[in-house]
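Dear colleague,

Please find the structure below, handed over for your records. My findings follow directly after it.

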Amino acid sequence: MIIDNKVYFRNDFNGYWRIDKLPLGESIGIDNHPSLVIEKLQIIESYINQQIEKKKDKNK
């Protein structure tokens, strides 16, 4: 699931993932996307960022 949706994300300057593109296009905006699509992207973003945070804490 993560690999299939990776194209909608980009890394910010701190190495965390941020939603960059929308599946149905930028022109209709985030508010006009089905909520399940946005929630899925937000869950993926949250999970990846939690894993990045764990890795950073482990390396301290």
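Helix H2 has 24 residues and spans 34 Å from its first C-alpha to its last, close to the 34 Å expected at 1.5 Å a residue; the expected span is 1.5 Å times one less than the number of residues. Helices (H or I, at least four residues) and strands (E, at least two) are DSSP runs, numbered from the N terminus. The model is predicted: local features need pLDDT of at least 70 and side-chain atom pairs count only at pLDDT 80 or more, while totals for chains, interfaces and linings use all residues. Residues are numbered from 1 along each chain as its sequence is written, and side-chain values use heavy atoms, with hydrogens and water left out.

Within H2, the buried residues are Ile 38, Leu 41, Ile 44, Glu 45, Ile 48 and Asn 49. Here, buried means under 20% relative accessible area, exposed means over 50%, and partly exposed lies in between (1.4 Å probe, protein chains only). Helix H1 (2-5), strand S1 (9-11) and strand S2 (17-19) are among the elements that cover these buried residues of H2.

Leaving aside neighbours within four places in sequence, Asn 49 is in contact (heavy atoms within 4.5 Å) with Tyr 16, Trp 17 and Arg 18.

The largest nonpolar core consists of six residues: Tyr 8, Phe 9, Trp 17, Leu 41, Ile 44 and Ile 48. Such a core is a set of buried Ala, Val, Leu, Ile, Met, Phe, Trp, Tyr and Cys residues joined through side-chain atoms within 4.5 Å. Helix H2 (residues 35-58) supplies the largest share of this core, three residues. Tyr 8 touches Arg 18, Ile 19, Asp 20, Lys 21, Leu 22, Pro 23 and Leu 41, not counting residues up to four places away in sequence.

One aromatic pair is found in a search of the whole structure. The ring centres of Phe 9 and Trp 17 are 5.3 Å apart and the planes are at 35°, so the pair is tilted. Rings of Phe, Tyr and Trp (its six-membered ring) pair if their centres lie within 6.5 Å; planes under 30 degrees apart count as stacked, over 60 as edge-to-face and the rest as tilted. Phe 9 is buried at 9% relative accessibility, and Trp 17 is buried with a relative accessible area of 13%.

Yours sincerely
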